[in-house]
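Welcome! Please take a moment to look over the sequence and the 3D view, and then we can walk through some parts of the fold together.

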Amino acid sequence: MSAVIRLGTRRAPRLALLGTGVVGSALVGRYQRLQARGVALPAFAWIANSRGVVEGEGDLHEGLAQLRAAPANARIVPPWAEADALDAGDIVIDATASDAIALRHAEWLGRGVHVVTANKLGRGADLLRAQAIAEAAREGAACYGDSATVGAGLPLLRSLRALVAGGDAIASVEGVLSGSLAFLFHSFDGRTPFSACVRQARAAGFTEPDPRIDLSGEDVRRKLLILARAAGVPLQVGDVRVESLVPQVLASASEAQVDALLDTLDAPLEERLHAARAEGTQLRFVGRFDARGASVSLQALPAGHALCGGAGTDNRVAIHSDRYAQQPLLIQGPGAGAEVTAAALLDDVLAVLPGRASLAA
C-alpha cells in the first residue's frame, strides 16, 4: 500500500463544493456565518456544478450566481474528473444527487481525500459500492461524513453506529425517514386533496422539483439501506420491498405533464385515509428492516405508535436493540430543509479537522 499523507503534514486542507442548488447555497451562507463567529474553516479551492467551475478566492455568493446562470457546456472538464485536482487532506463536499459523483467517492477516499456528503447514492445504492467506500476510507486513512444522508443531520447514524460499536445487536429499525412524506401525511386531513398538499410541499422546497422522486419511495429505500448497512446488515437494493404512491399514468408521464396529473393521487389516497380513520389509525410512510426483511410502505398505525408523533417535516425513528428491547430508542427532529442539511455537512467538515472528534470511516 502506498504511503498516506495525513491531514496537516502538508499545506492546509481545502474545500471543494460540488452542487449549487438549495443545499449548496445554504451551505455557503452557513459557512460565512460560522466564519463571522470565529469558527476556523478551510478555504474553498473551488465550487462547481454541471455547468462550470469558479475559484474559491472570490465572492462565494457571486460565484454561485455565475454557476447557476451559466449555459450548459458538455466540454467542461470538471475538477473532480482530474486525478491531481485534490490532494490528501482536502475535503470534498458533495451536495448533489449525482450518481456519477457518487462513483468518485471511493477513488477520493483511497487517495486520502475526505468526503462529506448529502448524496445518498454512495452508501445507499449498490452494496458493492458501499463496501468499496468503506474499504477505500480505511486504505486512504480518510473520513466519510454521511450524517446528512439520513435525517438531515439528526444524531441517527451516529447513534446506530455507537450501539453496534458497543456490542449491541440491532433487532429492528423503523422510521418516518422522508421529511417531505412526513409533511404530506401530517398535512393530509381529507379537507384538502392530497395533490394540493404535494403542490404546497413542493413550493416550500420540501420535495424534489419532480415530486415523484419522493412519492415513489425510492428516497426512503436509499436511506433504509444506509441505516441497515450502518447496523451491519448487508442489504442489497433488491432486498427492500417498496410500495410506490405514484399511479402508473403519473409514473410514465413526462416531467412537463407531472403537475397536471398530480390529481391522479387523490382518489386512492383519500380511500386509504378514510379506511385508516375508520380503524382509529394514522397514515405514515415507513421504512423498516428486521430479521424478516426490509420494506418501504404506507402504513396505518395506531395513534399511540412510536412513529405517530412529531409534526411538519419531522423524521421519527425507533431503534430496537439488546439494550432497547422493551422500549425503543426514539430519535426525532426536522428531516428536510436546506438549512439543516447544510449544517450537517459543515458539522462533518469540522469533525475532519485536526483537534476535532473524528468521523468513523
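Strand S1 (residues 14-18) is mostly covered, with four of its five residues buried; buried here means under 20% relative accessible area, exposed over 50%, and partly exposed in between, using a 1.4 Å probe and protein chains only. Helices (H or I, at least four residues) and strands (E, at least two) are DSSP runs, numbered from the N terminus. This is a predicted model, in which local features need pLDDT of at least 70, side-chain atom pairs count only at pLDDT 80 or more, and totals for chains, interfaces and linings use all residues. Residues are numbered from 1 along each chain as its sequence is written, and side-chain values use heavy atoms, with hydrogens and water left out.

Which strands pair with S1 in the parallel sense? One is strand S2 (residues 43-49), joined to S1 over five bridges, where Leu18 has Ala48 as its bridge partner. Another is strand S4 (residues 91-94), paired with S1 over four bridges, and there Ala16 has Val92 as its bridge partner. Two strands count as paired if DSSP finds at least two bridges between them. In general, strands of a sheet pair through backbone hydrogen bonds, either parallel or antiparallel.

## The sheet around S1

S1 belongs to an open sheet of six strands with mixed pairing, in the order S3-S2-S1-S4-S5-S6. Its edge strands are S3 (52-55) and S6 (144-145), each of which pairs on one side only. Toward the S6 end, strand S5 (residues 114-117) and S6 run parallel over two bridges, and Val116 stands opposite Gly145.

Helix H14 (residues 338-352) lies across S1, S4, S5 and S6, running at about 160° to S5. Such angles run from 0 to 180 degrees between N-to-C directions, and axes are lines fitted to C-alpha atoms, for helices over the stretch in contact.

Which residues of S3 lie on its covered face, and which on its uncovered one? Gly52 and Val54 make up the covered face, while Val53 and Glu55 make up the uncovered one. Val53 itself is partly exposed, with a relative accessible area of 34%. Its C-alpha atom is separated by 9.8 Å from that of Ala70, which is 17 residues apart from Val53 along the chain.

S1, H1 and S2 make a right-handed β-α-β unit. Right-handed means that, with the strands pointing away from the viewer, the path from the first strand over the helix to the second runs clockwise.

The axes of helix H1 (residues 22-36) and helix H2 (residues 60-69) come within 10 Å and cross at roughly 170°. The two helices are therefore roughly antiparallel to each other; angles under 35 degrees count as roughly parallel, over 145 as roughly antiparallel, 65 to 115 as roughly perpendicular and the rest as oblique. On the H1 side, Ser25, Val28, Gly29, Tyr31 and Gln32 meet Leu60, His61, Leu64 and Arg68 of H2, where contact means heavy atoms within 4.5 Å. These contact residues divide into four nonpolar, four polar and one charged. In this grouping, Ala, Val, Leu, Ile, Met, Phe, Trp, Tyr, Cys and Pro count as nonpolar, Asp, Glu, Lys and Arg as charged, and the others, Gly among them, as polar.

## Another open sheet

Further along, an open sheet of six strands has the order S8-S10-S9-S7-S11-S12 and mixed pairing. Strand S8 (240-242) and strand S12 (329-334) are its edge strands, each pairing on one side only. Neighbouring strands of this sheet are turned by 25° against each other on average, direction ignored.

S8 pairs in the parallel sense with strand S10 (residues 293-302) over three bridges, and the bridge partner of Arg241 in S10 is Ser295. Helix H7 (residues 179-187) lies across strand S7 (170-176), strand S9 (281-290), S10 and strand S11 (314-321), and runs at about 155° to S9.

## Two alanines with positive phi

Most residues other than glycine have a negative phi. Ala141 has a positive phi, near 50°. Ala141 sits in the loop between helix H5 (127-139) and S6 and is partly exposed, with a relative accessible area of 31%.

Ala152 also has a positive phi, near 50°. Is Ala152 buried or exposed? Ala152, found in the loop between S6 and helix H6 (157-165), is buried, with a relative accessible area of 10%.
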